[in-house]
Each structure stands twice: as C-alpha cells, then as structure tokens.
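Biologist: I'd like to learn how to read a protein model on screen. Could you walk me through one?

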Amino acid sequence: MANRQPKIHHRHNTARSPPLNPLSSPPHLTDLRIQSHSFGDSDCGMSSSSKLLIRGGTVVNAHHQEVADVYVEDGIVVSVKPNIQVHDDATVIDATGKYVMPGGIDPHTHLAMEFMGTVTVDDFFSGQAAALAGGTTMHIDFVIPVNGSLTAGFEAYKIKAKDSCMDYGLHMAITKLDESVARDMEVMVEERGINSFKFFLAYKDAFMISDELFLRGLKKCKSLGALAMVHAENGDAVAEGQKRMMELGITGPEGHALSRPPELEGEATGRAIRLASFVNTPLYVVHVMSIDALDEIAKAKRSGQRVIGEPVISGLMLDDSKLWDPDFTTASMYVMSPPIRKSGHNRALQAALTTGVLQLHQAKFLLFTALLDDTQESRLHCALLELVGTDHCTFNSTQKAFGIDDFRKIPNGVNGIEERMHLLWDSMVESGMISVTDYVRITSTECARIFNIYPRKGAILAGSDADIIVLNPNSTFELSATSHHSRSDTNVYEGRKGKGKVEVTIAGGRVVWQHGELNVVPGSGRYIEMPPFGHLFDGIDKADTSYLSSLNAPVKRGKAAT
Ligand SMILES: [Zn+2]
Ligand SMILES: [Zn+2]
C-alpha cells in the first residue's frame, strides 16, 4: 500500500533526506513531519538533558491538584513541591498558568495490524509519534495471534514494536482456544508481561469465538488473574444483517451501520456480562458505542458486578451522519466496528463518563432522553464508564476503496490516537462536564490502575515515570489531515477546532514535543510488562467462598431404597 508523501520537515535539511541513522530508522520513517534523531545526536536545539524542572504549573493528579514544580531526573519524577531549586545543568520549562498532567494512556490501539487483507498505515513509530504530538505517552496495543498461536503473535509484535518511541504495553487477542492456546495464555501472563486477553463475539469466520470457548476463556483468565476483554456484537446477526443489506442493494458505507444496529451490540454486551458474572471474573467491554450497551453495563454495576466500560473518542465525538455522505471517500472514512451511532448515543456516552452518586433509574431515564432530545441536559450522577480509548486503526482512502462496491470490504477503523486528549479537554473540561482531575482520571490514571501499572504510570508522584504533558488552557487547536502526524491521508475530525493545547510532551524524561515540533528517537520506547491480579481481582476469592456457602448443596441424603 502506497503511503502518501507529506511535507517533510527535518531540522538539518529542507529537502527529503535519508534518516540520520539508517540502522535504527527504516526509510519509511522519513514520511513523517518528525525530527527523527539517532542516539547521541547532539547538535539539535531541543534538550535531552536528564535533569528537568517543570516550573510553576498546576500539577494535576486524579485525586488532587496544586501549584507546584516537578523535578525529573533520568526519566523518573524525583519530587513534586513548590519552589524546587536546581543547578544550571537542568532544563527548565516554565508552566506558569498551565496544567502539568500525567501523559495520556490509550488503552486501545491497532498499530501495524494486518486486517481485512491489508495493513494499517500507522506502525508503532508513526502511530506513537502522532500520539506524543497529541499528549499521549503510552498505549496498549492488541497482539493478533499468528494462526492462533499466541507465542508467534507475541514475537511478531515485539518485532513490529522495535522502533517504538514511547512506552507501550500489549493485550492479547484470543481467536481460537484449545489446550495449547490455554497453555500459551499461562506463558503470556507468567513470563511475557500480558495481563489481559480480548475475545471477539463478532467477525464471524475470522476472529469470532463461540460462547463455549468464551466461557472457557473467562475461566482461564480468572485463574491467571488476567482481565477478560470483549468486542461485543452478535457476529451471527451481523452476518445476517450484512446479507440483508446486500439483498436490498445497499452496498455503500451506510450499509455498514444499518447491518449492525445497536441492539446487536446491546445483546452481545449483556451476554458477555452475564457469562462473566456466571464465572465471577471481571470484564472489560471495549469500544462501548451505544446506549444499548451502556444500559447493560449500568444493570451490571447496579448489581455490584465488576464491569469496566471503555468508550472510544470517535463514539463520544461523532455521529453516523457522514456514512450517508454521497462521496464514497468521505463516507468510508467513518467505517469502524461497532459502528458510530446516531446522534444522542454520543451524548449519553459522554454523560456516562461524569462522576457523582450512582442513581441508576435516573441514569436510565436520562440515557433515553439524551436520545430523544439532543439539547437537553443529560448529565448523569454516576460514572458508568471509567476511561477513554481510541481504537486507532488507520487506513488510507486507497485502502478504504477496496470496498467501493461492497461495504463489507471497507477496512474498519478510524484515527484518534493524536486527537483524543485535545477533543476530551475541549468537549468535556471546557464545557464544564468534568473537572480537570476527572480528565486525568479518564485519560490516564484509571487505565494505569486497571492494567496494574499504577503509580509508575498515570500519576505525577515521586518515583513515577516522567511521562508528563503541559497543557495550555488558553491556547487553541485545529485538527486536520494536512497537519496531523499520522500517516493517514484523512482525518475523521477534519477542520475541528477547540480550546486547550498540549504544548509540551515529556516521555521517559525526554522532551519529545515542544514548539510544535517532534523530537523522537526510534527504539527509545520500552515494553511495559503488566502484572496479573490487578485491583479488580481483590475480593473475587471471597465472593467465590460466599457463593459456595450459599448453595446449601450437595444435600446429604440417605441411599434411596429400591
Ligand atoms: Zn473490536
Ligand atoms: Zn479495536
């Protein structure tokens, strides 16, 4: 697949030039408007000093905010307090009047993924560079097994990720499940730093697994202390819906949305939740796109079940109207699964991210009024959804055109890794729906807690990794394919403007984004191992014990007389 050739802007040359270090930078890396430095390249303006002082900003953690300085040495936060004095060898960043926050963590990305006969245009380097320019300093990608083999899939992803310029973790998809896969799951958790497995209830004849295997997977996850994740759509019904659309002659991108309506997402979400409840293990529902799915999550939370709901930025910000655009290139950009829903679902999903007292009958009422009346206040006094991902999975318009005569062949996926932090700030903090501390919680801290890497990640505390952003609330942003850092030739947020700008990104103690320029080093990103038995597993054993004692069985009976 031919990538577009965007404007290159390299500090040392104005013309297209070879990378500084051909060994660490494959030629395609120059496709980015990025200064790709090799290690030891010292004549560049941006400092990579190991000592860094961020002075005078409002330091925000999920639980607290205060005006303070942040001092960083060798990639680690050393102290957070007012008026820190440092020697001349430290780089000082003035953050007066700005917010100093943990870098974003994106729990859901697909970089360098082979899918639907092609491969995403963003690999680990370009996708991460885009992320850093947008204030995200870590992501968790999904390993796709190779012919069902987890080990082979893991090795393939370690190679894909070798040019990483920021820290990353990995989830593992389970696309078939037999004895050898079950053994591999143990190896992944015990030796490879994976603590989450994703199951697909959709993509029939590809990734989809049966309920029988899903149940087996849930049991295995529970025994390993690994979090089960689910793509919840009813794959059989989706296949039927696709057939129906083709029979009706609806072959364009709108057929994608029409073939897999919200009730199919609601059904699968409810089924997955009930099966996880039956096994008594925590469940993480990826890309919650509809009120139907939200309603199932609300019901489960009311009963005390440990279910995490992850909306994605496209589902929060967009509606399905563009799928009806007469221009195929425009309409096909918005094809992803589950589909982007009608206006109203997005508002309800945003409302479900806000916090307060859990009042579910009221929540449910408001969910439906959100659908009926777009202008009505739909703030819920509960947090049904705890964090925001992107499902960043980019294909160029030439790849999307594979489905010009048949929506089933349009590669599924939209951008978002670079836009998530800005869009959430503008739409939710600027509008007053959530506080700045809530923003840190849903963009970073909660993800680190769920995947058991807090407070190394997701916080600015002494001892935390120095993954930090400086956001200027008085500055503005504008999103466009002409200025973004993804390799994609389109952007589903084209032309969108807003308030709040990530002016500085620090990853692993290095300033990688400042003055609108990236300064990234291929290979500098680290693989972050995520240990099992995170906080969602606390007390699961006690619940099992009380379940067993509640059975009043087996009943002891005398031998029946014959
Ligand atoms: Zn999915
Ligand atoms: Zn995904």
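This is a predicted model: local features need pLDDT of at least 70, side-chain atom pairs count only at pLDDT 80 or more; totals for chains, interfaces and linings use all residues.

Biologist: How many helices and strands does the protein chain have?

Modeller: The secondary structure comes to 16 helices and 19 strands. Among contacts with a separation of 6 or more, 76% are between residues 24 or more positions apart.

Biologist: Which residues touch the most other members of the largest nonpolar core?

Modeller: That core has 150 residues, and those touching the most other members are Val70, Val100, Leu132, Ala228 and Val285. Helix α1 (residues 124–133) gives the largest share, seven residues. Take Ala228 as a case to click on: beyond its neighbours within four places in sequence, its contacts include Phe197, Phe199, Cys221, Leu283 and Tyr284.

Biologist: Now a single helix, please. How should I read one?

Modeller: Start with the general idea: an α-helix has 3.6 residues a turn, so residues three or four places apart point the same way. Now look at α5 (residues 235–247). Its buried residues are Gly235, Val238, Gln242 and Met245. Seen down the axis of α5, the buried residues fall within an arc of 75°, so they line one face of the helix. On the other side of α5, Lys243 and Glu247 are exposed.

Biologist: What do the buried residues of α5 pack against?

Modeller: They pack against α6 (253–259) and α7 (262–279).

Biologist: What span should α5 have at 1.5 Å a residue?

Modeller: Its 13 residues should span 18 Å, and the end C-alpha atoms are 18 Å apart, which agrees. Just after α5, have a look at Gly249, which takes a positive phi of about 75°.

Biologist: And how do I read a sheet?

Modeller: In general, strands of a sheet pair through backbone hydrogen bonds, either parallel or antiparallel. Here, an open sheet of seven strands has parallel pairing, in the order β7-β10-β11-β12-β13-β14-β15. At the edges are β7 (104–109) and β15 (307–309), each pairing on one side only. From one strand to the next, the twist averages 25°.

Biologist: Which residue of β15 is the bridge partner of Leu283?

Modeller: The partner is Val307. Strand β14 (residues 283–285) pairs with β15 in the parallel sense over three bridges.

Biologist: Which helix lies across β14 and β15?

Modeller: That is α8 (residues 291–302), which runs at about 150° to β15.

Technical notes:
Residues are numbered from 1 along each chain as its sequence is written. Chains are lettered from A and ligands numbered from 1 in the order in which they are written. A nonpolar core is a set of buried Ala, Val, Leu, Ile, Met, Phe, Trp, Tyr and Cys residues joined through C-beta atoms within 7 Å. A residue is buried if 20 or more other C-beta atoms lie within 10 Å of its own, exposed if 12 or fewer, and partly exposed in between; C-beta atoms are placed from the backbone. Helices (H or I, at least four residues) and strands (E, at least two) are DSSP runs, numbered from the N terminus. Two residues are in contact if their C-beta atoms, placed from the backbone, lie within 7 Å. The expected span of a helix is 1.5 Å times one less than its number of residues. The arc is that of the directions from the helix axis to the C-beta atoms. Two strands pair if DSSP finds at least two bridges between them. Axes are lines fitted to C-alpha atoms, for helices over the stretch in contact, and angles run from 0 to 180 degrees between N-to-C directions.
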